[in-house]
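This note is meant to be read with the structure open. Please follow the points in order, finding each element before moving on to the next.

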Amino acid sequence: MFSVTVRDHIMVAHSFRGEVFGPAQRLHGATFLVDATFRRAQLDDDNIVVDIGLAARELGAVVGELNYRNLDNEPDFAGVNTSTEFLAKVIADRLAERIHKGALGEGAKGIAQLSVTLHESHVAWASYERAV
């Protein structure tokens, strides 16, 4: 399987419900490095997995929709604990939609898998992987 990864970042505010979250039940900020990895078994006609520039642009657009937001106030996340794992899935699903719509080029339609990793710190991160 071939892969290409692009990276961006987001800064959000949010809070959690549930005793398991301790002090994170209060409103707090989080900064995440975001890696999106695109995978396919065979390279496209140009011998690439995906155009890196298009992949970086679309990842930037997806995270831009979340950046500098208080996720507690976003209608899409009403009543949801916006955990790192949950946000990785949101970003992956939104990128997959863009692949299907052709935003990453025709060659990207051959991408089989996509994974998104959000790095909370240098010692903790969470990922979501899905078929495209």
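1. The model is predicted. Its five strands form an open sheet, arranged in the order E3-E1-E2-E4-E5, with mixed pairing. At the edges lie strand E3 (69-70) and strand E5 (125-131), each of which pairs on one side only.

2. Strand E1 and its two partners. On one side, E1 and E3 run parallel and are joined by two bridges. With E2, by contrast, E1 pairs in the antiparallel sense, over 13 bridges. Which residues stand opposite Ala 13 in E2 and in E3? In E2 the residue is Gly 29, and in E3 it is Asn 70.

3. Helix H1 on the sheet. Helix H1 packs on the sheet and touches E1, E2 and E3. The direction of H1 makes about 20° with that of E1.

4. The length of H1. How far apart are the end C-alpha atoms of H1? They are 18 Å apart. This agrees with expectation, because the 13 residues of H1, at 1.5 Å a residue, should span 18 Å.

5. The buried side of H1. The buried residues of this helix are Ala 55, Glu 58, Leu 59, Val 62 and Val 63. Why are they said to be on the same side of H1? The reason is that they cover an arc of only 130° around the axis. These buried residues pack against E1, E2 and H2.

6. The largest nonpolar core. This core has 32 residues, and those touching the most other members are Val 34, Phe 38, Val 50, Ile 91, Leu 95 and Val 116. Strands and helices both contribute: strand E1 (2-14), strand E2 (28-40), helix H1 (52-64), helix H2 (84-100) and strand E4 (113-119) each give two or more residues. Which element gives the most to this core? H2 does, with eight residues.

7. Ile 91 as an example. A student may wish to select Ile 91, one of the core residues that touch the most other members. Leaving aside neighbours within four places in sequence, Ile 91 is in contact with Ile 10, Val 34, Leu 59, Val 62, Val 63, Leu 66, Val 116 and Leu 118.

Technical notes. Residues numbered from 1 in each chain as written. Predicted model: local features only at pLDDT ≥ 70, side-chain atom pairs only at ≥ 80, totals over all residues. Heavy atoms only, no water. Core = buried A, V, L, I, M, F, W, Y, C linked by side-chain atoms within 4.5 Å. Buried < 20%, exposed > 50% of the residue type's maximum accessible area, 1.4 Å probe, protein only. Helix = DSSP H or I, 4+ residues; strand = E, 2+ residues; numbered from the N terminus. Contact = heavy atoms within 4.5 Å. Pairing = 2+ DSSP bridges. Axes fitted to C-alpha atoms, helices over the stretch in contact; angles between N-to-C directions. Expected span 1.5 Å × (residues − 1). Arc of directions from axis to C-beta.
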